[in-house]
Amino acid sequence: MAVLVEPLLVVRRVLREQLGILHRRLLTVVRDDDVCRRLMTVPGVGPVVALTYRATIDVPARFRKSKAVGAVFGLTSAKYQSGEIDRSGAISRCGDEMMRTMLYEAAQSMLFHSTRWSWLKAWAMKIARHRGMKKAVVALARRLAVIMHRIWVDGTEFRWTKEAVTT
């Protein structure tokens, strides 16, 4: 049995070492990038989500309105229209699946693991009370995409309160 398990343990150790090296490189890239640092001010958004978002969007000027970003990632409801029938279904799931997954995980992290409250978390919890937690997470993921685009375009950081900033 040891003859079979020992090579597997060696491979596992090498993989863990390489994963550590890649993680340190990722952190170095994110630390040197101003946009990624600003995106990480949003609760639930870490280095992986910020870098994935930056790589996926690439040029934020492609979107005239920040609201369009949610649709590009497939986080808006699919419509079925035929004759008198007009139904809104589940999310369309078109677009970049990896980015959609990252946004969903960031939304889950914000709702379940973040201890600090913000207006955004309160908004999502209100949706969860009325519509259910799964729909709230998807709605929050879409809203995170829109907010992150706005942060990137405006050059601002996430505000924890909804109070207007005086200039």
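Biologist: Leaving aside neighbours within four places in sequence, which residues is Leu103 in contact with?

Modeller: Leaving those neighbours aside, Leu103 touches Phe73, Leu75, Ala141, Leu144, Ala145 and Met148, where contact means heavy atoms within 4.5 Å. Please keep in mind that this is a predicted model, in which local features need pLDDT of at least 70 and side-chain atom pairs count only at pLDDT 80 or more, while totals for chains, interfaces and linings use all residues. Residues are numbered from 1 along each chain as its sequence is written, and side-chain values use heavy atoms, with hydrogens and water left out.

Biologist: Which residues have the most contacts inside the largest nonpolar core?

Modeller: Those are Tyr53, Phe73, Leu103, Leu140, Leu144 and Met148, in a core of 34 residues. A nonpolar core here is a set of buried Ala, Val, Leu, Ile, Met, Phe, Trp, Tyr and Cys residues joined through side-chain atoms within 4.5 Å, and buried means under 20% relative accessible area, with exposed over 50% and partly exposed in between (1.4 Å probe, protein chains only).

Biologist: And which element gives the most to this core?

Modeller: That is α7, with ten residues; the elements giving two or more are α2 (34-39), α3 (47-57), α5 (97-112), α6 (119-131) and α7 (133-154). Helices are DSSP runs of H or I with at least four residues, strands are runs of E with at least two, and both are numbered from the N terminus.

Biologist: Changing topic, how many salt bridges does a search of the whole structure find?

Modeller: The search finds five, counting a side-chain nitrogen of Lys or Arg within 4 Å of a carboxyl oxygen of Asp or Glu. One of them joins Asp33 and Arg54, with the closest N and O atoms 2.8 Å apart.

Biologist: Where do Asp33 and Arg54 lie?

Modeller: Asp33 sits in the loop between α1 and α2 and Arg54 in helix α3, so their pairing ties together parts that are 21 residues apart in sequence. Asp33 is buried, at 15% relative accessible area, whereas Arg54 is partly exposed, at 28%.

Biologist: What about Arg38 and Asp34, how many residues apart are they?

Modeller: They are four residues apart in helix α2, about one turn of the helix, and their side chains meet in a salt bridge at 3.5 Å, N to O. Salt bridges with shared partners also join Asp34, Arg37 and Arg38 into one network.
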